Amino acid sequence: MDPVINPFAPGAGTSPPELAGRDRLLEDARVARQRVRNGLPAKSMLLVGLRGVGKTVLLERLRLDAEAEGFHTVQMEAPEQRSLPALLAPQIRLALLRLSRLDSARDLAQRALRGLAGFASRLKLKYGDIEVGYDAEPEPGLADNGDLELDLQTLLELVGEAAERAGTALLLFVDELQYVEEEQLAALITALHRVAQRRRPVMLVGAGLPQLRARMGRAKSYSERLFDYPEIGPLDEAAARQALTMPLAANQVALNEDALESVLRRTQGYPYFLQEWGKQVWNTAVGPRITLADVEQAERLVLAALDEGFFRVRFDRMTPAERRYLRAMAELGPGPHRSGDVAQCLVKPVTALGPVRNQLIHKGMIWSPGHGDTAFTVPLFDEFMRRILPGEDWRAG
Ligand SMILES: Nc1ncnc2c1ncn2[C@@H]1O[C@H](COP(=O)(O)OP(=O)(O)O)[C@@H](O)[C@H]1O
Ligand SMILES: [Mg+2]
């Protein structure tokens, strides 16, 4: 069928033709933000899940929903090598400049901009990567202690006061939160705790890999009570069906039941895989009715596209030792695996592998679902590792 009108959208953060199976979460988020705006207690939200389950597109959808309801939002993605204050400062500035255009909030937004100037100029000594324009002179004593935990509390409170005066709430959308250093996460948690206690309308909507939850807990033990951690997983069968059939139906294309079941089985309901299968099957089929033979014929294209577009980028960032560790895990199957079993597979003592394992967790490749357990953060990564490093040569590597 014509690739020009192919509706499927595999890609990191690429919005799907049909956002299937997330209605409940969208509704929970709506309730939470409305409560925050009205000064009622509500928890900030952290979406946790593996790669490719749709966290980034959910964040964006939640942001658009909130904007449509008149909320103020800012959006950012935590990169591996940047400090949280450097990430936050320009976004908070943006939010404050918008708030300062409203008559009701102008004074408080100006005061918060003075706070931001103090915040950024003092913390720049410690976090050299802070780059933000100043719209006001710092006010001595306002968010300028030079201590991130104290100053971020003050700053978020000032922002919250301005948002409250404007009758709105500020929602901070932060993706890839697992990359934020623990000490900086702790400061963020403390600041959110403070604004929640004072019922200021500021809320975090974050997303990250499953290790985020334990990381938050280590940063501040009370963070469990402060946040909701909705788990974003593969789509259930009904939603996965919808994700495929709705975009097809919109184009007057039908899909045989056995063809559909075959795709559902191969993708296990993972959104990224559903999009890639949908795309390649569409391009392969003559239509307007897709058959099992079309699905089978598309398989090689799908695997090649996934290897290049989804798996490979992660593999390329690994050192040889990290690759061997991942390959040994793959040898044992999809996982999770005991660290001892991986070590045995590599014929090394567990302790000798500790640093590699930690490095892989840090890079977001694996996580620990329970003490001594190790699992991939990328679904079906074991199959990919066996495809790309077949045979036994990797052991010598
Ligand atoms: N609910 C959904 N239904 C159908 N496809 C989805 C859904 N959520 C995400 N996708 C698709 O899955 C892919 C991965 O989404 P993304 O948000 O980048 O995942 P993550 O951030 O969890 O790695 C994208 O191609 C997107 O279009
Ligand atoms: Mg993402």
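Tutor: Start with one residue. Contact means heavy atoms within 4.5 Å. Leaving out residues up to four places away in sequence, Pro16 touches Ala9, Val57 and Gln275. This is a predicted model: local features need pLDDT of at least 70, side-chain atom pairs count only at pLDDT 80 or more, and totals for chains, interfaces and linings use all residues. Residues are numbered from 1 along each chain as written, chains are lettered from A and ligands numbered from 1 in written order, and side-chain values use heavy atoms, without hydrogens and water.

Student: Which residues of H2 are buried?

Tutor: Buried means under 20% relative accessible area (1.4 Å probe, protein chains only). Helices are DSSP runs of H or I, at least four residues, numbered from the N terminus; strands are E runs of at least two. In H2, the buried residues are Lys55, Val57, Leu58, Leu59, Leu62, Arg63, Asp65 and Ala66. Their cover includes H1 and strands E1 (44–48), E2 (72–77), E3 (170–175) and E4 (202–208).

Student: Which residues are closest to ligand 1?

Tutor: A residue is near a molecule if one of its heavy atoms lies within 4 Å of it. For ligand 1 the shell has 25 residues, with Ala9, Gly13, Thr14, Gly52 and Lys55 closest. H2 and helix H11 (271–284) each supply at least two shell residues.

Student: What about polar contacts?

Tutor: Here, look for a pair of N or O atoms within 3.5 Å. A backbone N or O atom of Thr14 lies 2.5 Å from a ligand 1 oxygen. A ligand 1 nitrogen is 2.9 Å from a polar backbone atom of Ala20.

Note on methods: Buried means under 20% relative accessible area, exposed over 50%, partly exposed in between (1.4 Å probe, protein chains only). A polar contact is a pair of N or O atoms within 3.5 Å; within protein, one must be able to donate a hydrogen and the other to accept it, and residues adjacent in sequence count only if both atoms are side-chain atoms.
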